[in-house]
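This report describes selected local features, helix packing and the nonpolar core of one protein model. Please consult the sequence and structure shown here while reading.

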Amino acid sequence: MKFGPVPVAEAAGLIAAHSVRAGEAVVKKGRVIGAEDAARLAEAGIAEVAAVALEPGDVGEDAAAERLAAAVVGPGVAVEPPFTGRANLHAAQAGLLVLDESVIGAVNRIDEAVTLATLVPFKPVVPGEMVGTVKIIPYAVPGAVLDRALKAAAPAIRVAPYRLTRVAAISTLLPGLKASVVDKTLRTLEARLAPAGARIVGEARVPHEAAAVAQALTHAIARDGADLAVVFGASAIADRRDVIPAGIEAAGGTVDHLGMPVDPGNLLLLGRLGPDSPRPVPVIGAPGCARSPKENGFDWVLQRLLAGMPVTRDDIVGFGVGGLLMEIVSRPQPRDGGASADDA
């Protein structure tokens with residue numbers, strides 16, 4: 001691709017590098033300069049224009065953007081028609097945005113002319129939401145550059161649809177915990193579930209005792225058909241031998257992880273019921289901050305589970321980067337002293 005000033009008399013058939021206006025004569029940036037355009041510019045006293053001439057093997061910006069976009073999208077993502085060297089990617093369904101960061105990085109390292117940008121990984125998205133964009137910086141790229149980008153590309157951007165829709169909510173009770181607090185907690189949970197098309201199919205309020213938790217969890221699966229259970233403790237989980245983890249194990253389940261490097265959200269527990277079955281039921285021991293509608297670590301785990309994605313210990317420990325979230329209203333005091341929101 002050649003770029004630079006060109007005499008107007010030689011500009012016909014080239015691409016205008018910048019918009020040119022002279023009286024009624026207007027040539028917009030990126031448009032092919034026609035013979036009539038060149039004549040009008042000459043009549044208006046314009047001697048030369050900045051223009052682009054494609055060389056053999058060059059691929060125009062729109063065609064290059066469209067081909068690269070088609071190479072990086074996966075299931076649940078649609079490519080919009082390109083314009084001005086840009087092909088936008090949109091979610092075709094509700095779910096979580098899942099990215100292969102190594103592929104995206106490899107594409108962006110090919111050449112400065114080729115760029116691929118996305119939203120942050122695991123962001124909940126809705127149909128039609130823009131999740132990424134391919135932008136070719138110049139008006140064309142050498143075919144060899146595009147070929148290298150396509151070789152590095154792979155379906156790296158997809159939307160994982162929500163799969164779990166039946167959620168059981170279990171609340172343990174202690175003297176002093178008002179019914180209105182539990183009611184508000186359930187409303188907050190319902191609001192979190194709604195974008196995923198999920199709902200509460202069973203709700204139980206039981207004493208803060210391991211046996212009561214175990215019985216409620218058993219009923220949640222056998223009676224309510226829940227495919228995910230959330231337990232809100234009247235007291236925060238302080239140890240793997242505490243009431244909620246003990247209740248999970250008494251119900252035949254297993255505790256996979258306790259604690260998370262996300263604040264607020266430190267005291268989250270993750271377990272499973274029927275750990276040896278083909279489809280074990282995930283159980284979240286919710287941290288105290290899950291009673292608040294503000295984003296916290298509970299959201300990160302809940303959204304992945306609703307999308308049917310495994311949440312491993314490696315996933316949880318990886319949350320530490322970016323895991324220091326904003327203060328929330330329910331936090332009694334700032335982090336430099338006092339109780340944590342998870343201790344509520």
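## The loop position of Ala94

Ala94 lies in the loop between strand 8 (86-91) and strand 9; helices (H or I, at least four residues) and strands (E, at least two) are DSSP runs, numbered from the N terminus. Ala94 has a relative accessible area of 24% and is therefore partly exposed; buried means under 20% relative accessible area, exposed over 50%, and partly exposed in between, with a 1.4 Å probe and protein chains only. Apart from neighbours within four places in sequence, Ala94 is in contact with Val125, Val126, Pro127, Val159, Ala160, Pro161, Tyr162 and Pro195, where contact means heavy atoms within 4.5 Å. Ala94 and Leu54 are 40 residues apart along the chain, and their C-alpha atoms are separated by 41 Å.

## Basis of the model

The model is predicted: local features need pLDDT of at least 70, side-chain atom pairs count only at pLDDT 80 or more, and totals for chains, interfaces and linings use all residues. Residues are numbered from 1 along each chain as its sequence is written, and side-chain values use heavy atoms, with hydrogens and water left out.

## The largest nonpolar core

A nonpolar core is a set of buried Ala, Val, Leu, Ile, Met, Phe, Trp, Tyr and Cys residues joined through side-chain atoms within 4.5 Å. The largest such core has 36 residues, of which Ile284, Phe298 and Leu306 touch the most other members. At least two residues of this core come from each of strand 9 (95-99), strand 15 (166-173), helix 5 (179-193), strand 17 (228-232), strand 20 (281-286) and helix 8 (297-306). Helix 8 supplies the largest share of the core, six residues. In soluble globular proteins, nonpolar side chains tend to be buried together.

## Helix packing

The axes of helix 5 and helix 8 come within 11 Å and cross at roughly 50°; axes are lines fitted to C-alpha atoms, for helices over the stretch in contact, and angles run from 0 to 180 degrees between N-to-C directions. Helix 5 and helix 8 are therefore oblique to each other, since angles under 35 degrees count as roughly parallel, over 145 as roughly antiparallel, 65 to 115 as roughly perpendicular and the rest as oblique. Leu189, Arg192 and Leu193 of helix 5 make the contact with Phe298, Asp299, Leu302 and Leu306 of helix 8. By class, this contact has five nonpolar, no polar and two charged residues; Ala, Val, Leu, Ile, Met, Phe, Trp, Tyr, Cys and Pro count as nonpolar, Asp, Glu, Lys and Arg as charged, and the others, Gly among them, as polar.

Helix 6 (residues 210-222) and helix 7 (residues 243-250) pack at an angle of about 50°, with their axes 7 Å apart. Ala210, Val213, Ala214 and Leu217 in helix 6 meet Val243, Ile244, Ala246, Gly247, Ile248 and Ala250 in helix 7. The residues of this contact comprise nine nonpolar, one polar and no charged.

## Backbone features in loops

Most residues other than glycine have a negative phi, and most peptide bonds are trans. Thr84, in the loop between strand 7 (77-79) and strand 8, has a positive phi near 45°. Phe122 also has a positive phi, near 65°, and is placed in the loop between strand 10 (114-118) and strand 11 (124-125). Phe122 counts as partly exposed, at 28% relative accessibility.

Asp263 and Pro264 are joined by a cis peptide bond, with omega about 5°. Pro264 is in the loop between strand 18 (254-258) and strand 19 (269-273).
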